[in-house]
Amino acid sequence: MDTSTPRSRTEISGGAHVSRKHDSAHKHVTGSADYIDDMPEPAGTLHGYLGLTDRAHARITALDLDAVRACEGVVAVLTGADVPGSNDISPSGRNDEPVLATGKVLFHGQPVFAVIAETRELARRAAKRAVITYEDLPHVTDVRAAMDANYPLVTDPLKLERGDIEAGLAAAPLRLKGEMRIGGQDHFYLEGHIAFAIPGEDDEVTVWSSTQHPSEVQHMVAHALGTVSNAVTVQVRRMGGGFGGKETQSNQFAAIAAIAAKKLNRPVKIRPDRDDDMIITGKRHDFVVDYDVGYDESGVIHAVDASFAARCGFSSDLSGPVTDRALFHADNCYFYQDVRLVSKPMMTNTVSNTAFRGFGGPQGMLGGERMIEEVAYALGRDPLEIRKANFYGGETRNMTPYHQTVEDNIIGRIVEELETSSDYQARRAEIIDFNENSPVIRRGIALTPVKFGISFTATWYNQAGALVHVYQDGSIHLNHGGTEMGQGLNTKVAQVLAEEFQVDLDTIRITATTTGKVPNTSATAASSGTDLNGMAAANAAQQIKTRLVAFASEKFSVPAEQVEFIPNHVRIGNELMAFGDFIKLAYQARIQLSAAGFYKTPDIHWDRASGKGRPFYYFAYGAAVSEVSVDTLTGEYQVDRVDVLHDTGRSLNPALDIGQIEGAFVQGMGWLTTEELWWDDKGRLRTHAPSTYKIPLASDRPKIFNVKLADWAENREPTIRRSKAVGEPPFMLPISVLEALGMAVASIADYQVSPRLDAPATPERVLMAVERLKALVADAEMSGEDGADA
Amino acid sequence: MAHTHRTSIRFRLNDQTVELAGFAPDLTLLDWLRLDRRLTGTKEGCAEGDCGACTVLVGRIDNGLLSYETVNACIRLVGSLDATHVVTVEHLNRPDGGLSAVQQAMVDNHGSQCGFCTPGIVASLHALWLAEPNPSEADIERQLQGNLCRCTGYEPIVKAAIAAAATIPDADNDRLVAAYDATTEALTEMADGARVTIEHERGTTFVPGDLDDLAALCEAHPKATIVAGSTDVGLWVTKHMRDIAPVIHIGHLEELKQISIDDAGITLGAGVSYTSARGALVAVFPQMAELWDRIGGEQVRNMGTVGGNIANGSPIGDTPPPLIALGASVTLRKGGSHRTLPLADFFIEYGKQDRQPGEFVESIFVPALAEDAFFAVYKISKRRDEDISALCGAFHVITDAEGMVTSARIAFGGMAGTPKRAASAEAALTGQPWSWDTIQAARLALADDYQPLSDWRASAQYRMLTAQNLMIRFFLETCGAPVRIERHPALAEA
């Protein structure tokens, strides 16, 4: 640390609850932040490239790799038979995901072999030379088609049930049924997958992997090598984005790089081209939601019977917990008296879908919001009124479909404040007026809420470790089990540590995540990074502080309560000592200045078989109002204005939290608007590069974008400094964009017909929804009826 | 004239002079920077010129003036760099080593999260900062069309661009300004008009000395790949690993960068980039402004040329529909002989154009609009900016004093294997009153003109319906009704 700067005694720089820049911001803007592909390569480094199948479902009858081996620069060609351990990287333990396919290929683009060559370009060119003969088998890519074809489930489905659904539906005064199709999403992290394996002695290997889950990569690499975890060290300093796409999907690249590195005893790096990355790695699950809703004239929902079928791809991966989380969020903020929710994790001949920000929650919530929208249009009411009529609240309306009581509900206040601050009612009235007089351009506005459950539903994942060293000069080394992918986790955890020790933030050095320092970590996922690792780091600091207090108390003969950590100093009785000087004394007195911290989330439990428990420690809340314009001749649209009010508890770093909210909003908006995954009849994904797969640009962001934190909010649970998780919850705020587009479409039929706009609402889907309503209006006029009818 | 010859290219890289020989014809600037020079600040995000993580600045003397433009290093071929100044993120900080105005504003506004897109964004914003002292939001958004960020939602990046503009570039805070005169002198000296020939085991790269030299090279190497901006050819390399040798670079040839305007119309040299063409073209055809700003991203517009868009004959190219509707012609050259043909006739069928071996596109002439003409062009794409058209329609109608249509030229891209005129719809309009009923007839006639395909950009049904609806939009616009969504309406007039 820079000891030349005088350190304040009254306030530390960069403690908790203040906005601080990302710890790597300076390096990001100067190009000096190193990603794995930027690291200097040791002499002898080889490069791998994967050979992919061009069949969606087929039996391999002959695999001729002679031409590949004969190519310039090729050192080795690996197939499934070359995997020394287990040819399996299935994170579910179902043994359904090979490192390299053997015998059968199950999706178009599945890796069949790996070329290792002197340069990446030579490996890539050689990979094109394989001659593979197949016997084609029938394939299915679509969820509905998979159900129709009785395709198997990739994992056990879940059922959440409360009350008597049959009786509830039968007794409800009104009822509606429908289907919603929800598209998937590619992560499009800017840094693609990469793994760099450096062989060590005996069975040891070190792997630099762009992963959110170093411990799982470690485990998978050991499994594939046929060795044990203590032989494998996995490191990651930072990722160029993850979003869930590097939770399990890094395993394959890491395993192949490690296998090749050990086999050839040379460093091996694997980095697929963007197109291959998008073809090989899993995405957000597409869903088909079938719903049957019982409700009454006041808009209160009595009963919901819904199924959530997902395109899981060829293997289970994380599809079990993803489809579970869809069900956990199908209620969003709403109480259902009688409810039955079932998941259908369908196998398809597509890449195995995986974690993506929200982890099924967004699809579940979108299904729930579609039901609200349907009820509203059926009754000719503003959907916001229907939302309010169904919010959780009161003793008898607080139980979720999974039998957890909602105890920390603040959605009413959030929605009320946002409705006022955004001037929702006046703007909605103005828009309805505008639409009456505008033949081509129509506008829409919608306010939608979010309630998102925080904790891994796999309860054992809710643990974390940290390793903190204080060196003799008072500088602090911080390591924890979480990974940095841009979210600012390291900054926040360092702020927590600065606050604990009462030292300036620049006293703390953040170091690369490695399985050698903190073992058995959980994925940095489920928005849990700060909640878990922040607590573990605080725990480590507290251990060291306890020793330091005991030391000071004894050495200076003062009571322990008179030893106090104040900004950059320690007060011992009436003595004031600079932190660094105090640490030097402690070192000389042989005080242990290092600690391993640990944390596990209390009070959570989940019994999947019965569908009951308290899977979530708490909920994070938020709401958004979106306003859009739609061209009813072409389906083109733009987002004119968005207002967000979001709950991050007592924010650890408001600037980073707002960055998460804005980023999640635009990413979620992309999912619901222009990002479309499109498979052709051969089972080929044809949108596998930014030229064909369109994520939002700066010119797509809301033209007016007001994002505010609910600064009065505080986590009622004792989380790290009463903050709340922020990674995923705001991803669902742009459901308001989809619904605003729906309102603009619904204006065609005077808001009397549900627009049923599926996602992604590309200009094409918007125009087709407009056409459907135009046809209904025309039919109604032809038959002389008054108004239209769905 | 006799040409001097060289076997190496010479250019500036940051603060060094580089002389390169014996490189592969398909060597990209990005690979050279990262693998050869170990300048790893510039990232590969997509290797197809769409994400902008590889954005660098390239300075070149144009009409005696040094100016810097952003380019996608991933699809820029090294052979095109003779007499340029390549500037990477490592050289964008202040001469004293501190953060540049753009870099500081990015830090202060929390403009980076994962940081992987950031060097490219810093490069794009740096170019804007140098060129535009008071950028509007529209300017910033246009500058960033070719830079994807997946983390921030762009809001803090736009704020950073605005904040950076508070600092005026000068020799103290910017290395490029500080070295401006020296760089101008160095590049001027490098541009000696010599032919450069680079030999490599994978084939030859030619950099012709001038236009006549290009004609000679094309005749001598009729199968050569002619590369102007490499916004198409770059992908043949990075995505298809196609053998493109021999390569002839034309992007530097002054004679192909000429733009001339007279009463008859505008002539664009085949090497004029979209960016260079914009001012003159939009002055003559203000209706082209929106389309022009939606072609690729800024980096692609800086590299790509109208000539290349035509010569490669893509059915979804953005410029052919309006140019065909306007009655443009193309002039081709082979050796010393020229021929000129209507652009509509240049496109024969999918993947086939009327270009003979050894022949190259030299210029495009676009006739000016008659005073009473209605003209419009509409691009429809899944994402508004930096997307390839699902369809692109151009309408050009002339009516007489009685309101009868005397001439109609309608052309669409994305509706057939080539950019194609709508003969039936044109016939349905010609000789008829310019009215709602006529438009309805012409709408229906479009179904006889096109049998569009379904693909990932749009279904056949959507393409046809939207094409028909664009006819309505055109009619309503000629009646003065506002029927388009405009993100920055005040600026659309400018």
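Me: Domain bounds come from an automatic or database domain assignment; which domains does the assignment give for chain B?

Reply: This is a predicted model, in which local features need pLDDT of at least 70 and side-chain atom pairs count only at pLDDT 80 or more, whereas totals for chains, interfaces and linings use all residues. Residues are numbered from 1 along each chain as its sequence is written, while chains are lettered from A and ligands numbered from 1 in the order in which they are written. With that numbering, the assignment for chain B gives domain 1 (1-249), domain 2 (254-367) and domain 3 (373-478).

Me: How many residues of domain 1 of chain B are in contact with domain 2 of chain B?

Reply: The C-alpha centres of these two domains of chain B lie 23 Å apart. Two residues are in contact if their C-beta atoms, placed from the backbone, lie within 7 Å. By this rule, domain 2 of chain B brings 25 residues to the contact, and the number from domain 1 of chain B is 26.

Me: Which element of chain B gives the largest share of the side of domain 1 that touches domain 2?

Reply: Helices (H or I, at least four residues) and strands (E, at least two) are DSSP runs, numbered from the N terminus. Those that give two or more residues to this side of domain 1 of chain B are strand E5 (65-72), helix H4 (137-143) and helix H8 (211-220). The largest share, five residues, comes from H8(B).

Me: Why is chain B as compact as a globular protein of its length?

Reply: Chain B has 19 helices and 21 strands. Its radius of gyration is close to what the globule rule gives for 494 residues, so chain B is as compact as a globular protein of that length. The radius is taken over C-alpha atoms, and the rule is 2.2 Å times the number of residues to the power 0.38. For chain B, both the radius and the rule come to 23 Å.

Me: What share of the residues of chain A count as buried?

Reply: Chain A holds 19 helices and 29 strands, and its C-alpha trace spans about 95 × 75 × 50 Å along the principal axes. A residue is buried if 20 or more other C-beta atoms, placed from the backbone, lie within 10 Å of its own, exposed if 12 or fewer, and partly exposed in between. Of the 790 residues of chain A, the share that count as buried is 63%.

Me: How far does helix H15 of chain A reach from its first C-alpha to its last?

Reply: Helix H15 (residues 529-555) of chain A has 27 residues.

Me: Which element gives the largest share of the side of chain A that touches chain B?

Reply: In this interface, 66 residues of chain A are in contact with 63 residues of chain B. Among the elements of chain A that give two or more residues to its side are helix H1 (25-30), strand E27 (618-631) and helix H17 (654-672). The largest share, seven residues, comes from H17(A).

Methods. The expected span of a helix is 1.5 Å times one less than its number of residues. Domain bounds come from an automatic or database domain assignment.
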